[in-house]
Amino acid sequence: MKQVEIEIDGIKYKTFVRENSLLRGLRASSYNSKHATHATEVFPPIAGKVIDIISVGTKIKKGDVVATIEAMKMYNRIFSPVDGIVKEVNYSVGDNAIRSTALVVVE
């Protein structure tokens with residue numbers, strides 16, 4: 001996991017991401033390199049309640065908001081560090097997000 005800083009309209013935002021090769025839905029014995037995908041998991045920088053979150057299949061660009069978390073009576077927007085398509089969403093609106101579980105996976 002690494003910390004990424006994104007600047008939008010002169011304001012700097014920080015979040016955590018973990019990049020890895022994923023073999024979603026494939027067994028190791030049936031691995032074929034053409035099925036390997038490169039994905040980025042986007043983590044919340046702080047634990048809190050999910051106010052808004054992007055849906056699976058949405059095409060996004062670097063800097064787009066993927067979720068909004070309420071923590072300590074403040075709203076924290078979480079931005080995508082990469083371009084891609086949202087392949088997985090791990091929370092729903094109203095859930096309590098924690099720092100160790102990715103909000104979304106972007107491929």
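Biologist: Quick one to start. Which residue in S6 does Ile53 stand opposite?
Modeller: Ile53 stands opposite Ala67 in S6. Keep in mind that this is a predicted model.
Biologist: How many bridges join S4 to S6, and in which sense do they run?
Modeller: There are 4 bridges, and the two strands run antiparallel. S4 covers residues 48–53.
Biologist: What is the strand order of the open sheet?
Modeller: The order is S7-S6-S4-S9, so 4 strands with antiparallel pairing.
Biologist: Which strands stand at the edges?
Modeller: S7 (74–79) and S9 (96–97) do. Each has a single partner strand, so one side of each is left without a neighbour in the sheet.
Biologist: Take S7, then. How many bridges join S6 to S7?
Modeller: 6 bridges, with the strands running antiparallel. S6 spans residues 65–71. Val65 has Phe79 in S7 as its bridge partner.
Biologist: And S9, over how many bridges does S4 pair with S9?
Modeller: Over 2, again antiparallel. Gly48 has Ala97 in S9 as its bridge partner.
Biologist: Changing topic. How many helices and strands does the protein have?
Modeller: 0 helices and 10 strands.
Biologist: What percentage of the residues is buried?
Modeller: 33% of the 107 residues.
Biologist: Last one, contacts. Of those between residues at least 6 apart in sequence, what percentage join residues at least 24 apart?
Modeller: 51% of them do.

How values were computed: Residues numbered from 1 in each chain as written. Predicted model: local features only at pLDDT ≥ 70, side-chain atom pairs only at ≥ 80, totals over all residues. Heavy atoms only, no water. Pairing = 2+ DSSP bridges. Buried < 20%, exposed > 50% of the residue type's maximum accessible area, 1.4 Å probe, protein only. Contact = heavy atoms within 4.5 Å.
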